[in-house]
Amino acid sequence: MTIDRTTLRWNGWGPVAQENALPDKAPQWEWIRETLGLSHLPKTPALHMNEIRLAPTRLTEDQQEKLAAIVGENQLRVDDYERAFHARGKSYHDLLYVRAGKLDMAPDGVVYPRAADEVMSVMKLAQEEDITLVPFGGGSSVVGGVNALAKSLDGAVLTVDMTMMTRVIRIDKVSMTARIEAGIYGPALEEQLQNHGVTLGHYPQSFEFSTLGGWIAARGAGQQSNRYGKAEKWLVNAKLATPEGFWETEDFPASAAGPNLNQLVAGSEGTLGIICEATVKVHELPARKDYRGYLFKNFEAGVEVARRINHADIPVAMVRLSDADETHFFQKFSSSSSGGLKSKLQEMFLKARGFAHGPCLMLIGLEGDKETVLWAQAQTEAIAKAEGAMALGTGPGRKWYEGRFHSPYSRDPMLDRGLAVDTLETSTHWSNIVALRDKVTAAISKAMDENVPEQGARGIVMAHVSHSYPDGASLYFTFVFPRQLDREVEQWQAIKRAASDAIEAGHGTISHHHGVGTDHAPWMLEEKGEIGMGTLKAVKEKLDPKGILNPGKLLG
């Protein structure tokens, strides 16, 4: 990835030159329209860049000269495209503003440092000049985590884009760790590691357009986190530039010298410092990968299998369980483009096997050496069949694996047709998984029904278990609904508030891996408590006494 941001969509997902995932004549459109109960799908295109005018930069000429002296003239950008590209993240909420050209939150400039010392020099200048700094990697936050909020109404905001800091500094194949600069994108990171026979194994859905520093800052999780761990598990050490100087956390395999401060860095969202480098755990490349599907007659049976697999200590890479609505949606969405006969034959077969009413798809992924994978496959299949699962073989797993980064590409064309697509996630204990899924689904459904653009319209709520642990699992919700074009933001706020309140009341965390940003900050006090929030604010005041680092995020 280069710093030529014009190759990427400033108001959507992926490259500018990407093929439309849902062209106008795609057969899915009619199925979507009927499913959502709409009379028609309106055209709602995004504004073009040449239709938008940004306010003049608030960076003075003197400040710009000082910044250019630090990072180089080409690495300081104050043009409208760069400022628009870095205004917000990639959430549905963000895109409502960006697509409409409402860019009053755009930063006043963007710098691209090339080394940690340059980051620190920018930090010192910002503190002297009282300039707000917003760290930025891929900009893929879906919770408002990179939005260019100023600390004061008249203050300047500078986005610090880290994507020129991409070195793999060293790989220690004895200790199985790697030291890496934080601005490297997922594909480049894995390419360099795999050239040495190792992998981090962190593959979030945003993998193509997100960075190592962003994964750590948001406490992210990859799709194979059962094997490779969430960010807080694989983070060994981090080096941050803070207003108080460089802060490097401890670098030991284990220690009893007080709390591990890496746990403050993971999830800090750029509010305590800018992550410049990190040491992470790596693994040998797996010799074998096995991804296969199982069908359950209900969600509860699938949850029980996921729980038993975790409690049996079987080394799975992934256990992903879709509820009936998600299974139905993606099966219909896929079959609508491949003809109705195959779909009808599938329905007849499922009915004959007793899976006609609300079947749920589970995908189990295994990675490792041949012997371990074969043993784990036999163990997981035995557990699944004991709960009445139908084994579907490797076809569904292979299809998911090959298309695992494709879903975000469908969102832009849906936004162009008056539709909304949003996601949120949580986690809770096994004993509460089904109840929390039901409560959140009901809350989202009710809020969508109360905020529809025409009589008879409705939304769709889907959920899946995405990551699992011995004591519980995450729930990931996707919801699609027709937009109220005259009150889009208010509509989203009503749905988001209802879902978040249901999560809080239902004993789930406000976020499992998306982070807090601005969107989840109102629920942090309830989750952390007054003492916990006071502790986080005290750390913030120590490291960032003037409050210049990413204001409005995490702590509100």
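**View 1. Twelve-residue names around the second largest cavity.** Welcome to the lining of the second largest cavity: S91, H93, V142, V143, D422, T423, L424, W492, K496, H514, D519 and H520. A cavity here is a set of points on a 1 Å grid over the protein atoms alone where a 1.4 Å probe fits but cannot get out, and lining residues have an atom within 4 Å of a point. This model is predicted, with local features needing pLDDT of at least 70 and side-chain atom pairs pLDDT 80 or more, while totals for chains, interfaces and linings use all residues. Numbering runs from 1 along each chain as its sequence is written, and side-chain values use heavy atoms, without hydrogens or water.

**View 2. Strand and helix at the second largest cavity.** The space inside is about 50 Å³, a volume being what probe spheres set on the points fill, with points joined across faces, edges and corners. Both β16 (419–429) and α18 (488–505) supply at least two lining residues, and β16 gives the most, with three; helices (H or I, at least four residues) and strands (E, at least two) are DSSP runs numbered from the N terminus.

**View 3. The largest cavity.** About 80 Å³ of space lies here. Its lining includes L8, W13, F85, K90 and F209.

**View 4. F296 in the largest nonpolar core.** Among 49 core residues, F296 and I444 touch the most other members. Such a core joins buried (under 20% relative accessible area, 1.4 Å probe, protein chains only) Ala, Val, Leu, Ile, Met, Phe, Trp, Tyr and Cys residues through side-chain atoms within 4.5 Å. Helix α17 (residues 433–449) contributes the most, seven residues.

Terms used
On a 1 Å grid over the protein atoms alone, a cavity is a set of points where a 1.4 Å probe fits but cannot get out, and a pocket is an open set with protein on both sides within 12 Å along at least five of seven lines; lining residues have an atom within 4 Å of a point. Buried means under 20% relative accessible area, exposed over 50%, partly exposed in between (1.4 Å probe, protein chains only).
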